[in-house]
Amino acid sequence: MLGPVILAASRSDKMRRFVSAAPGTKQVVARFIAGETVDDVVPIVRDLSERGLEVTLDVVGEDITAVEQSYAARDAYLELIGRLKELGLGERAEMSVKLSMFGQSLENGHELALSNVRPVVEAAAEIGTTVTLDAEDHTTLDSMFAIHEELRKDFPQTGCVIQAYLFRTEEDARRLAANGSRVRIVKGAYKEPASVALQDKAEIDKAYVRIMKILMEGEGYPMIGSHDPRLVSIGQELARRAGRKLDEYEFQMLYGIRTEEQNRLAAEGHRMRVYTAYGTDWYGYFMRRLAEKPANLLFFVRSILTK
Ligand code: FDA
């Protein structure tokens, strides 16, 4: 019940101001956001890597309102790539981007986002790594998939995300699996209407399994983005049945969530990538994490009240 309310609040400027200014917020945000600057996140990347984990880095931000912000987003990623070069981790440290932060929803947004993300993908390739395009709300996806296809002409390693809750996704999965893409499958984190998306958790889980099967049996590189223990073990079994070796798929989880499970999978020899978000524009990302688990909201409210 609470999830959709929090997701609606994640798009409200009034709530953004309230949450950002509330005492105690910082402490809760720190569980999910790995710092505000590149200097904060680099030691975390080093530490995760020393523990056998891989990372995908997200400079938080979305739904910008001015072209200048889209250039700033591009530059923030270029700065990050400069620092990753020093670490020399290659594809063990890749990046995730939200095209809405690169200008996708502004005038001529499709072209603007493509022209901003291309130099990031180029710079990533120069240091031996890659970029994955996150999936945002359903209205943005045709543009995201078109940009993904365009980038893959020169950079075939560019990845994208598909969301199990959307009716369209099995078809997207078949297309992407046939053309050998890197694809992250997730349940889906946005508030979507019943006309385009499943609303029932059990139905979403079933769709997730069907889509994992398509990806595992296909030609691409599946990235299983979930903390759900059932889906993780079904993923392992589907990979085994499809004859995939341990380096032919990977698991992904978010920074700060089920850390022990992340360590366990890595210790078992799985590729385990931690989606590590950092930056100052954390509001939308943070609210989606609250919406996913009511206990997070309780913890947040308690920390405000006790400050
Ligand atoms: P589910 O929500 O059922 O959670 C399973 C268990 O995991 C819970 O019982 C709990 O123990 C733990 N858990 C899950 N979320 C938690 C939280 N916030 N706090 C504490 N514990 C939590 N979505 C999207 O729309 N576009 C995208 O591009 C991405 N990208 C992305 C990358 C990666 C690496 C991950 C793991 C997830 C995403 N997501 C996403 C988010 C995704 O759609 C989904 O909302 C979350 O992963 C939660 O779903 P689970 O599969 O973890 O299952």
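Strand E6 (residues 221-225) and strand E7 pair in the parallel sense over 3 bridges; two strands are said to pair if DSSP finds at least two bridges between them. Helices (H or I, at least four residues) and strands (E, at least two) are DSSP runs, numbered from the N terminus. Within this pairing, Met223 has Glu250 as its bridge partner in E7. The structure is a predicted model, in which local features need pLDDT of at least 70 and side-chain atom pairs count only at pLDDT 80 or more, while totals for chains, interfaces and linings use all residues. Residues are numbered from 1 along each chain as its sequence is written.

The pairing of E6 with E7 belongs to a closed barrel of 8 strands, which runs E1-E2-E3-E4-E5-E6-E7-E8 with parallel pairing. From one strand to the next, the twist averages 30 degrees. Strands of a sheet pair through backbone hydrogen bonds, either parallel or antiparallel. E1 and E8 run parallel and are joined by 6 bridges, and Leu57 has Thr276 of E8 as its bridge partner. E1 also pairs with strand E2 (residues 93-97), in the parallel sense and over 3 bridges. In E2, Ala93 is the bridge partner of Val55, and Met95 stands opposite Leu57.

A residue is buried if 20 or more other C-beta atoms lie within 10 Å of its own, exposed if 12 or fewer, and partly exposed in between, with C-beta atoms placed from the backbone. In strand E1 (residues 54-59), 6 of the 6 residues are buried, so the strand is largely enclosed by the rest of the structure. In a regular strand the side chains alternate between the two faces of the sheet. In E1, Glu54, Thr56 and Asp58 point one way and Val55, Leu57 and Val59 the other way, and all are buried. In E2, 5 of the 5 residues are buried, so this strand too is largely enclosed by the rest of the structure. Both faces of E2 are covered, with Ala93, Met95 and Val97 buried on one side and Glu94 and Ser96 buried on the other.

Helices were then examined against the strands and against each other. Axes are lines fitted to C-alpha atoms, for helices over the stretch in contact, and angles run from 0 to 180 degrees between N-to-C directions. Two residues are in contact if their C-beta atoms, placed from the backbone, lie within 7 Å. Helix H9 (residues 201-217) lies across E4, strand E5 (182-186) and E6, and runs at about 165 degrees to E5. Helix H11 (residues 259-267) lies across E7 and strand E8 (272-278), at about 145 degrees to E8.

Helix H8 (residues 169-178) packs with H9 at an angle of about 10 degrees, their axes being 9 Å apart. H8 and H9 are therefore roughly parallel to each other, a term applied to angles under 35 degrees. Their contact is made by Thr169, Glu170, Ala173, Arg174 and Ala177 of H8 and by Arg210, Ile211, Ile214 and Leu215 of H9. By class, this contact has 5 nonpolar, 1 polar and 3 charged residues; Ala, Val, Leu, Ile, Met, Phe, Trp, Tyr, Cys and Pro count as nonpolar, Asp, Glu, Lys and Arg as charged, and the others, Gly among them, as polar.

Helix H5 (residues 67-87) and helix H6 (residues 109-126) pack at an angle of about 5 degrees, with their axes 9 Å apart. H5 and H6 are therefore roughly parallel to each other. The residues in contact include Tyr71, Tyr77 and Ile81 of H5 and Leu112, Pro119 and Val120 of H6. The contact of H5 with H6 has 11 nonpolar, 2 polar and 1 charged residues.

The ligand is surrounded by 23 residues, a residue being near a molecule if its C-beta atom, placed from the backbone, lies within 6 Å of it. The closest are Asp134, Gly225, Ser226, His227 and Gln252. Strand E4 (159-163), strand E7 (250-254) and helix H12 (283-292) are the elements that give two or more residues to the shell. The largest share, 3 residues, comes from E7. By class, the shell has 9 nonpolar, 7 polar and 7 charged residues.

Note on methods: Parallel < 35°, antiparallel > 145°, perpendicular 65-115°, else oblique.
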